Amino acid sequence: MHIGQHIEGILKQQGRTARWLSLSIPTERSNVYNIFHRESIDTKLLMRISVVMEHDFFADLCEEYKVELENEKAAKEE
């Protein structure tokens with residue numbers, strides 16, 4: 001999962017803007033666009049984003065982990 005793209009997608013689904021997120025975190029709007037381009041993110045920052053957006057990004061990552069784990073197990077069995 002590209003976490004930055006995922007955050008951006010959820011933000012758009014919620015009808016919110018990068019400006020809204022920048023004011024909510026708080027940070028500069030340019031930093032929010034930088035976040036959208038990140039493949040990984042600091043857990044403290046992700047926690048803050050999860051709280052202000054009221055979306056559990058950790059759960060999303062956990063689901064991806066479970067899929068990857070199952071794929072890894074299946075590959076080892078072959």
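Glutamate 54 is exposed, with a relative accessible area of 72%, and this residue lies in the loop that connects H4 and H5. In the predicted model described here, the C-alpha atom of glutamate 54 is separated by 38 Å from that of lysine 76, a residue 22 places apart from it along the chain.

On the H4 side, the contact is made by Thr43, Leu46, Met47, Ile49, Ser50 and Met53, which meet Phe57, Phe58 and Leu61 of H5. Sorted by class, the residues of this contact comprise 7 nonpolar and 2 polar, with no charged residues.

Helix H5, which spans residues 57–77, also approaches helix H1, formed by residues 3–13, with the two axes coming within 12 Å and crossing at roughly 130 degrees. The crossing in which H1 passes H5 is right-handed. The residues that meet across it are Ile3, His6, Ile7 and Ile10 from H1 and Phe57, Asp60 and Leu61 from H5; by class, they divide into 5 nonpolar, 1 polar and 1 charged.

A further packing arrangement brings H1 together with H4, at an angle of about 10 degrees and with the axes 12 Å apart, which makes H1 roughly parallel to H4. Here Ile3, Ile7, Ile10 and Leu11 of H1 meet Leu46, Ile49 and Met53 of H4, and the contact consists of 7 nonpolar residues, with no polar and no charged ones.

In soluble globular proteins, nonpolar side chains tend to be buried together. In the present model, the largest nonpolar core contains 16 residues, of which Ile7, Leu21, Phe36, Ile41, Ile49, Met53 and Phe57 touch the most other members. The elements contributing two or more residues to this core are H1, helix H2 (18–24), helix H3 (29–36) and helix H4 (43–53). The surroundings of isoleucine 49 illustrate the contacts of one of these residues: when neighbours within four places in sequence are left aside, isoleucine 49 is in contact with Ile7, Ile25, Ile35, Ile41 and Phe57.

With residues up to four places away in sequence not counted, alanine 18 touches Leu11, Arg29, Val32, Tyr33 and Phe36. The distance from alanine 18 to methionine 1, C-alpha to C-alpha, is 20 Å, for a separation of 17 residues in sequence. Serine 24, which is likewise placed in helix H2, is buried as well, with a relative accessible area of 18%. Once its neighbours within four places in sequence are set aside, serine 24 is in contact with Arg48 and Val52.

Definitions and conventions: Residues are numbered from 1 along each chain as its sequence is written. This is a predicted model: local features need pLDDT of at least 70, side-chain atom pairs count only at pLDDT 80 or more; totals for chains, interfaces and linings use all residues. Side-chain values use heavy atoms; hydrogens and water are left out. Axes are lines fitted to C-alpha atoms, for helices over the stretch in contact, and angles run from 0 to 180 degrees between N-to-C directions. Helices (H or I, at least four residues) and strands (E, at least two) are DSSP runs, numbered from the N terminus. A crossing is left-handed if the near helix is turned anticlockwise from the far one by less than a right angle, and right-handed if clockwise. Contact means heavy atoms within 4.5 Å. Ala, Val, Leu, Ile, Met, Phe, Trp, Tyr, Cys and Pro count as nonpolar, Asp, Glu, Lys and Arg as charged, and the others, Gly among them, as polar. A nonpolar core is a set of buried Ala, Val, Leu, Ile, Met, Phe, Trp, Tyr and Cys residues joined through side-chain atoms within 4.5 Å. Buried means under 20% relative accessible area, exposed over 50%, partly exposed in between (1.4 Å probe, protein chains only). Angles under 35 degrees count as roughly parallel, over 145 as roughly antiparallel, 65 to 115 as roughly perpendicular and the rest as oblique.
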